Amino acid sequence: DIIPQPLLDQYLSMTDPARAQTVDTEIAKHCAYSLPGVALTLGRQNWHCLKDTYETLASDVQWKVRRTLAFSIHELAVILGDQLTAADLVPIFNGFLKDLDEVRIGVLKHLYDFLKLLHADKRREYLYQLQEFVVTDNSRNWRFRYELAEQLILILELYNPNDVYDYLRHIALTLCSDKVSEVRWISFKLIVAILQKFYANSANALGLNFINELVVRFRHCSKWVGRQAFAFICQVG
C-alpha cells in the first residue's frame with residue numbers, strides 16, 4: 001500500500017547478478033545506497049520485504065557495495081528498532097567487522113551510533129572485538145587508528161568503569177605509542193577522557209592505578225618520545 005508493487009519488485013531485482021552484467025555494473029551499489037531510504041518509506045513492519053535483498057547486498061562480491069552498507073548500517077538500525085537490529089543487523093555488522101579495511105572503516109566511523117542502540121548485554125560482547133580495530137591490512141592506514149581513538153572517546157559512556165579499565169585502557173595505551181603523531185595526539189585526549197570517566201563514577205582506585213601506570217610507562221620512559229607523551233597528557237588534562 002505504501003509503494004506500488006511493480007516498483008518495489010523492480011528495486012528488489014537490482015541485486016540480480018545477471019542484471020549487473022547486462023545493465024549496469026554499479027547497479028548493486030546504487031541499490032545499497034538507497035536501501036535505508038526504501039526501508040524508512042516501507043517502515044519496520046515491512047522489513048521482511050527487504051531483508052533478503054539486504055543480506056544479498058551484504059555478501060556482494062564487490063567491496064564497494066558492502067562498504068556502502070557498512071556506512072549506513074547505523075541509520076538502518078534506528079529505522080528498524082532494537083529487536084530487528086539484534087536479529088537481522090548484528091550478524092551482518094559482525095561480518096563487516098572482519099571484512100576489508102575499506103568496509104570496516106564504514107562500521108568504525110559510526111561505531112558509537114550503532115553500539116548505543118544495542119541492549120547492554122549485547123553491547124558488552126563487542127568489548128572483546130574492539131582490540132581488533134588496532135590491526136589493519138595496511139599499517140600505514142593511520143586514519144583508521146585515528147578514527148578508532150575518536151570513537152572510543154564517545155564509546156566510554158556506554159560501559160562501566162571496570163569494563164573501561166579491563167578492555168579500553170589497553171587499546172588507549174597502544175594508540176598512545178603509535179608511530180604517527182596525529183594518532184598519538186587524539187589518543188592523549190582518550191587517556192584523559194578515561195581518567196575523567198573513572199573519577200566521575202567514583203572509581204578512584206581505578207583512576208589512581210591508571211595514573212601510576214602512566215607514570216611508569218611514560219614519565220619514566222627511557223625514550224624522550226615517551227616522556228614527551230606524558231607531558232602532553234598532562235597538558236590535555
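View 1. Thr136 is buried, with a relative accessible area of 14%, where buried means under 20% relative accessible area, exposed over 50% and partly exposed in between, with a 1.4 Å probe and protein chains only. Thr136 lies in the loop between α8 (120-124) and α9 (142-155), helices being DSSP runs of H or I of at least four residues, numbered from the N terminus. The side chain of Thr136 reaches the backbone oxygen of Asn138 at 2.9 Å. Apart from neighbours within four places in sequence, Thr136 is in contact with Asp101, Arg104, Phe144 and Arg145, contact meaning heavy atoms within 4.5 Å. This is a predicted model, in which local features need pLDDT of at least 70 and side-chain atom pairs count only at pLDDT 80 or more, whereas totals for chains, interfaces and linings use all residues. Residues are numbered from 1 along each chain as its sequence is written, and side-chain values use heavy atoms, with hydrogens and water left out.

**View 2. A nonpolar surface patch that includes Ile211.** Tyr199, Leu208 and Ile211 form this patch, with about 260 Å² of accessible area together; patches are made of residues with over 30% relative accessible area and no salt bridge, nonpolar side chains (Val, Leu, Ile, Met, Phe, Trp, Tyr) being joined within 5 Å and like charges within 9 Å. A salt bridge is a side-chain nitrogen of Lys or Arg within 4 Å of a carboxyl oxygen of Asp or Glu, and accessible areas come from the Shrake-Rupley method with a 1.4 Å probe. Ile211 belongs to helix α12 (residues 204-219) and counts as partly exposed because its relative accessibility is 32%.

Terms used. Helix = DSSP H or I, 4+ residues; strand = E, 2+ residues; numbered from the N terminus. Polar contact = N/O pair within 3.5 Å; in protein donor to acceptor, adjacent residues only side chain to side chain.
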